[in-house]
Amino acid sequence: MSTDYDILNAIKDSDQFILLSIDRHYLCTFWSRGLSNLTGKEEQSFLGKNIFQSFPELISSDHFINIKKCLTGQKVVQVFSNLSPLNIDLKGSFEFTYSPTSTNKAEESTGCLIQIKELNSQMLPQEKLELDKYRTFSNNTDVGIWEIDTEGFTRFANPSMCNILGIESVNDLKGKTYHSFFTKESLKRMNEEHQKRSKNISSNYEAEIIAAKGEKRNVLINGAPLSDQSGKIIGLVGAFIDITEKKKIEAELINSEHRFRNLFEKSYRANAISRGFKILIANEAFAKIFGYSSIEEIMKVSIDQLYTEESVQIINKRISRINEGKPVPSSYISQGRRKDGSTFYLENDVTIIELSDGKAFFLSLKDITDKINSKKALIASEAKFSGIFNSNLIGIAFSDDDKKIIDANERFLNIIQYSNEDLKTEKITWDKITPDEFKFNDETTSDESAQNKWQAPYEREYVCKDGSRTPVLEGGAKLNGMLHLHVSFAIDITELRKSKEETYKVTKELSTFLYMTSHDLKGPLATIIGLTLIAKQDIKDSKALDYFKLIERSTRKLDTSLMGLVRIMQIKNNEFYYTKVDVGQLVSEVIQGSYTADFTYHAQFHLNIPNDLIITSDKEMLKTIFQKLIDNALKYFQPSQPPEVDICIHNFEKSIQIIFSDRGKGINEKIIDKLFDMFYRGDVNSKGSGLGLYIVKSIVEKFNGKIKVANRIGGGAEFTIDLPKD
């Protein structure tokens, strides 16, 4: 024991040993002279006192953790960069060794012996110089340097590393492991890299750091294991390069490239990049405009194959000028050649771009064939209009919003009996050449022109220079793209009006003659029909009766034809008398009338007509429609079965639809388009006049209705008539 005591006193009095010993209650039991020399404080100030009361900063440092481990029997070695927890403002590299004071391993430690070794003092001058260089580099480099022990606690961090972590100094890392500063994905990656380090393999990888205020930063880590003199790994060291801005730039470049690629690939214009007539990249529109099915297909084609020979020469001249440093327009028109050999017009926008491997051409193309053709058509149209304007076929005049005629061709001036000199010297307006009774019509047509940009042709008169009048057919339009310019077209209809008046006179005379003739013939025909009926009752001779029947039939046929012609004249002369008509009642009257008396005994009618269906129409004309259709159905029934007629009427909001069908022979499809022609008889055996269906269609059209006919499925014909209610 005395030997141990002597050794302890020798160590205590030695300047070379820096030792501090505490018991389980953290009371100071030993303080060496070397520690006094280092701290400048004597042992009397600390012996028997609680070490944490003497040095309060120790309890919040790694020293407290290491002391606790030591009191449980563990030996701990850790390097610190300063002695600030011991209230010593001294920077350097200090190795602390925490050793349990119990000699019996089975027992708990009775205390903790702390040995402090200043690593710098153990170095040779050359080693110390190298360490100083390392410190200078470490404190001034932009690269973050971070050393940790095997449990992840910080042993050293330079200022750049603190800046990356968003902390003020390395003291902010006390009591914290590196884990809290990395994302889960980065920790997983780091664990994989640690496996390499356990095999003494350096690693270089990217990770994501969560700085002190939650900001995420991207870093590039170059890590390596730290070993003691025996080769045992005692920690890790890593060099951290902040690549946050670089990652942002890379992301922006990727986004920019993505946006450019979308713009390039999805553009409606045909885009491509080429060099030396070779296509480097192209979009789908580029392949489509030249008639190729895919980008891959057109990439195999040379640029000079996509243009006509003349256009290739233009391209070669442009390239030559560019190579000579001469200016060329960026846009030009050429002719492209499609895969099928057809040609079309192209608008070419060409830009020289700088790629990583040299200059190239960016091509942006648009098919302007329609535009070129439209321009050609416009030139041709202008030439045609110029020809019409300068001809004497039609009068053409231009006027402004004030109705002043500002230009006119020779034909128009001849119509109004003015000259070109009058047009220049006088103020010729539409009001001046328009009679008072036509001015109201002019206002109406002007409103129509303003609304529709055109004016339907109508008849009017011009007041000529000498006061006479000239009848004309006039139309007009407002010119597109010229807001204040109107054009009017006029045809002199003086001769036409005379011809029209003569025609009207002849037609009127013919109508009068026909009406008077039919009236004059109606009486004798009625007398003949009446006499034949009386004769049939009085005469008993069978042969004579046959003759009278033939006379009656022929007379009735003549009467029917005559009434048909009268009806046609009424239709042509618009002799309509509109009243409220009960459609169902009208149909019943037709069926029960004398007109169909010869057929009613064996004909069947199937009616589907809404009750109280009232429309505004001409009753006699409407009656004629049903009479003629029923007559037509009963003429062409199947001899093997009694005639049947279906009449179905649908009632809509503003119209009715009449579906009239029979079960007869039907209509030959070859003649169905001629069925409504005047005097046309579809059957050679027909004894009719060929006016019935013509009259039906004429009445329907005068009613502003429509009629169509088709064969029924199963036999027979079906007529569909649409008529307005009003």
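Three elements, α4 (62-71), β3 (76-83) and β7 (154-157), each supply at least two residues of the lining of the largest cavity. Among the contributors to this lining, β3 gives the most, with four residues. The model is predicted, and a search of the whole structure finds five cavities of 30 Å³ or more.

**The largest cavity**

- The space in the largest cavity amounts to about 230 Å³.
- A total of 19 residues line the largest cavity, and those closest to its centre are Asp62, Phe80, Val170, Asn171 and Lys174.
- Sorted by class, the lining of the largest cavity comprises nine polar, six nonpolar and four charged residues.

**The second largest cavity**

- The second largest cavity holds about 140 Å³ of space.
- Its lining consists of 14 residues, of which Ile148, Met190, Leu236, Gly238 and Phe240 are the closest to the centre of the second largest cavity.
- Strand β10 provides the largest share of the lining of the second largest cavity, with four residues.
- By class, the lining of the second largest cavity contains 10 nonpolar residues, three polar residues and one charged residue.

Notes:
Residues numbered from 1 in each chain as written. Predicted model: local features only at pLDDT ≥ 70, side-chain atom pairs only at ≥ 80, totals over all residues. Heavy atoms only, no water. 1 Å grid on protein atoms, 1.4 Å probe; cavity = no way out; pocket = protein on both sides within 12 Å on 5 of 7 lines; lining within 4 Å. Points joined across faces, edges and corners; volume = space filled by probe spheres on them. Nonpolar A, V, L, I, M, F, W, Y, C, P; charged D, E, K, R; others polar.
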